[in-house]
Amino acid sequence: MTSQQAPMRIGILGAAKIAPAAMILPAKATGVATVVAVAARDPARARAFADLHGVPEISETYEALIARPDIDAVYNALTPSRHADLSIAALQAGKHVLCEKPFAMNADEARAMVAAADTSGKVLMEAFHYRYHPLFARLLEIIGSGELGEVRELSAVFQTRLVDDGSEIRYERELGGGSLLDIGAYPLHWVRTAAWAEPTVVRAGAVFGRGGVDHSTEAELLFPNGAVARISGSMVEDTPIALLEVTGTLGALKAINPLAPQMGHLLEVKIAGAEPRRETFSRDPTYDFQLRAFVEACRGGPAPLTSGKDSIAQMVLLDAVSAASRL
């Protein structure tokens with residue numbers, strides 16, 4: 001954004017827990033955007049959220065927010081069950097859209113969303129915030145340079161604990177809950193991105209709870225070059241872990257906390273015959289980098305790294321892992 005450009009005006013769909021960290025604080029920190037209004041299922045909840053976080057206005061309904069002439073873009077922070085219909089509505093209304101992950105409930109919805117974006121000419125970006133941080137950019141640079149040799153194995157784990165207290169939507173399957181769509185989506189995206197290719201599912205397994213919600217899911221994937229990836233995600237573990245390991249014919253790297261490097265991270269590289277080295281990067285939030293990339297794309301800059309074909313391919317694989325885990 002140049003000094004002559006006013007901040008992008010954004011409306012938030014959903015008084016969600018993620019919205020302050022993912023949009024409100026980055027808008028204030030970067031100055032590239034301003035949050036104009038928020039809408040929630042319950043207007044009273046939207047008002048309480050707005051008052052708490054300094055959002056100037058509320059809209060009574062999601063549709064009313066989308067129709068506002070004083071916003072340029074929509075941040076869809078709702079449950080996955082409302083990602084497709086409301087993101088498409090926003091695109092058709094001439095708004096750019098930053099949509100939380102998982103992008104959709106399934107690959108068919110993802111295709112419809114991308115088609116709507118193509119028709120509208122507006123930006124539709126999936127909020128895989130980690131992808132815009134310098135840590136992951138450097139990780140990909142190392143792999144792409146050939147320093148590790150040919151990649152043969154990848155391992156990715158993300159686990160945490162989400163308490164089933166009656167208000168946690170990740171325990172509601174009809175809303176798009178479950179560890180795979182929310183937690184497991186990250187390790188799946190990490191290995192897809194690090195391998196520069198799309199894998200097939202060799203096997204998958206899951207532990208299910210009430211209502212058929214997966215509490216944890218793991219899978220083995222095979223890439224076209226023969227590389228094997230193992231991923232796992234869980235929302236019922238006491239010890240939080242976010243870890244990506246990539247092993248090649250000449251060496252290996254380990255990324256500790258590629259998810260949120262601002263909370264502490266390390267990139268460790270070990271090459272045969274050389275001393276191991278460690279690299280660290282900016283502690284600025286991943287969400288700041290993500291918002292800048294979104295606004296730049298909306299202003300005609302580089303296309304988002306997480307959109308279009310990437311989002312569809314991600315949902316295709318999530319569908320495949322889910323189906324295999326229920327066999």
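1. Position of H129. In this predicted model, residue H129 is found in a loop, with β6 (124-126) on one side and α6 (134-145) on the other. Although a loop residue, H129 counts as buried, because its relative accessibility is 3% and the limit for a buried residue is under 20%.

2. Surroundings of H129. Leaving aside residues up to four places away in sequence, H129 touches Y186, L259, T286, Y287 and Q290. With one of these, Y287, there is also a polar contact between the two side chains, at 3.4 Å. The student may wish to locate Y186 in the structure, as this contact of H129 returns in the points on aromatic rings below.

3. Aromatic pairs. How many aromatic pairs does the structure hold? There are seven. One of the pairs is formed by Y130 and F136: the ring centres are 4.7 Å apart and the planes stand at 80 degrees, so this pair is edge-to-face. The reasoning rests on the angle, because planes over 60 degrees apart count as edge-to-face. Both residues are buried, since Y130 has a relative accessibility of 0% and F136 likewise has 0%.

4. A pair between a strand and a helix. The rings of F158 and Y186 are also edge-to-face, because their planes lie at 80 degrees; their centres are 5.8 Å apart. F158 belongs to strand β7 (residues 151-161), whereas Y186 belongs to helix α7 (residues 179-195), so the pair ties together parts that are 28 residues apart in sequence. Both F158 and Y186 are buried.

5. The aromatic cluster. The residues of the two pairs described above belong to one aromatic cluster, which is formed by F128, Y130, F136, F158, Y186 and W190. Y186, a member of this cluster, is among the residues that H129 touches.

6. A charge over a ring. R292 is placed over the face of F289, at a distance of 5.8 Å from the centre of the ring.

7. Residue D85. Is D85 buried, partly exposed or exposed? D85 has a relative accessible area of 37% and is therefore partly exposed, as this class lies between the limits of 20% and 50%. D85 is located in helix α4 (residues 83-92). The side chain of D85 makes a polar contact with that of R82, at 2.7 Å. Between D85 and E141 there is a separation of 56 residues in sequence, and their C-alpha atoms are 37 Å apart in space.

Note on methods
Residues are numbered from 1 along each chain as its sequence is written. This is a predicted model: local features need pLDDT of at least 70, side-chain atom pairs count only at pLDDT 80 or more; totals for chains, interfaces and linings use all residues. Side-chain values use heavy atoms; hydrogens and water are left out. Helices (H or I, at least four residues) and strands (E, at least two) are DSSP runs, numbered from the N terminus. Buried means under 20% relative accessible area, exposed over 50%, partly exposed in between (1.4 Å probe, protein chains only). A polar contact is a pair of N or O atoms within 3.5 Å; within protein, one must be able to donate a hydrogen and the other to accept it, and residues adjacent in sequence count only if both atoms are side-chain atoms. Contact means heavy atoms within 4.5 Å. Rings of Phe, Tyr and Trp (its six-membered ring) pair if their centres lie within 6.5 Å; planes under 30 degrees apart count as stacked, over 60 as edge-to-face and the rest as tilted. A charge sits over a ring if NZ of Lys or CZ of Arg is within 6 Å of the ring centre and within 35 degrees of the ring normal.
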